[in-house]
Amino acid sequence: MQEHAKFKQQVKAIYRLMAGLFGLFIVAAIGILLLVSNPDWTRKKATEVESEYVAIPEVDDFDKIENGIHVRTGLIEADGLMTVVNNCTNCHSAKLVTQNRMNAERWIATIKWMQETQNLWDLGKNEEIIVNYLVTNYPAKKKGRREVLSNIEWYDLED
Ligand code: HEC
């Protein structure tokens, strides 16, 4: 009988081994199947790329006026402001416009020069509005240099 019991034990051991192997095989098979059907399943999901969206100011903010200044260009708020903004800040900064203080005549000449050499478009009726705006809000500055001296009593240097 002892022989028989021993044999039974051996069968049991083999059976367990087989069952274990079978289990391993199932697990491996499932793993392989998963890999084949979805090769990326072990990889970390790419975190959602944050869009590099830069907030564009609201339309209202775009032409915001603060303390009488058109914020985007630095131009003074007055009649004709938007005409100047729309026609004179496309190619160069508004600073180029405001740092040049001229009278109407010279403004018209400058505009003509840009039209002839810099592809500035025909301004039509806007030209008057623009020149008025510029002359009114950025008037020609008083002369920077003192007047030539006159009425001076010169004296002779003695040696
Ligand atoms: C089509 C493009 C364009 C537009 C629009 C434009 N300009 Fe100009 N402007 C130029 C160029 C180019 C120059 C030369 C810039 C430089 O020398 O760097 C210039 C130069 C100037 C200068 C400097 C002139 C000088 O003698 O140095 C003034 C002032 C000026 N522009 C005013 C204006 C005004 C006012 C308006 C609106 C009526 C205007 N610009 C619209 C192209 C333009």
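Analyst: A residue is buried under 20% relative accessible area, exposed over 50% and partly exposed in between, tested with a 1.4 Å probe on protein chains only. On that scale, buried residues make up 16% of the chain's 159 residues. The model is predicted: local features need pLDDT of at least 70, side-chain atom pairs count only at pLDDT 80 or more, and totals for chains, interfaces and linings use all residues. Residues are numbered from 1 along each chain as its sequence is written, and side-chain values use heavy atoms, with hydrogens and water left out.

User: How many helices and strands are there in the chain, and in what pattern?

Analyst: The chain has six helices and three strands. Helices are DSSP runs of H or I with at least four residues, strands are runs of E with at least two, and both are numbered from the N terminus. Along the sequence the pattern reads α-α-β-β-β-α-α-α-α.

User: How do you know which residues coordinate the iron atom of the ligand?

Analyst: Donors are N, O and S atoms within 2.8 Å of the metal (3.2 Å for Na, K and Ca). NE2 of His92 and SD of Met114 coordinate the iron at 1.9 to 2.0 Å, so they count as donors.

User: Why is the site of the iron atom called octahedral?

Analyst: Six donors count as octahedral if opposite donors are over 155 degrees apart and all others between 65 and 115. The iron atom has six donor atoms with angles of 87 to 179° among them, and its site is octahedral. Histidine 92 lies in the loop between α3 (81-88) and α4 (94-98) and methionine 114 in helix α5 (residues 104-117), so this pair ties together parts 22 residues apart in sequence.

User: What makes up the shell around the ligand, and which residues come nearest?

Analyst: A residue is near a molecule if one of its heavy atoms lies within 4 Å of it. There are 19 residues around the ligand, of which Cys88, Cys91, His92, Met114 and Gln118 come nearest. Two or more shell residues come from each of α3, α4, α5 and α6 (126-137). The largest share, four residues, is given by α5.

User: Why is histidine 70 called buried, and what does its side chain contact?

Analyst: Histidine 70, in strand β2, has a relative accessible area of 0%, so it is buried. A polar contact is a pair of N or O atoms within 3.5 Å; within protein, one must be able to donate a hydrogen and the other to accept it, and residues adjacent in sequence count only if both atoms are side-chain atoms. The side chains of histidine 70 and aspartate 63 are joined by such a contact of 2.8 Å.

User: What does the side chain of asparagine 87 reach?

Analyst: Asparagine 87 is in helix α3, and its side chain reaches the backbone oxygen of threonine 83 at 2.8 Å. Asparagine 87 is at 14% relative accessibility and therefore counts as buried.

User: What is phi in asparagine 67 and asparagine 119?

Analyst: Most residues other than glycine have a negative phi. Asparagine 67, in the loop between β1 (65-66) and β2 (69-70), has a positive phi of about 50°. Asparagine 119, in the loop between α5 and α6, has a positive phi near 65°. Asparagine 67 has a relative accessible area of 78%, so it is exposed; asparagine 119, with 71%, is exposed too.

Technical notes: Tetrahedral: all angles 85-135°; square planar, octahedral: opposite > 155°, others 65-115°.
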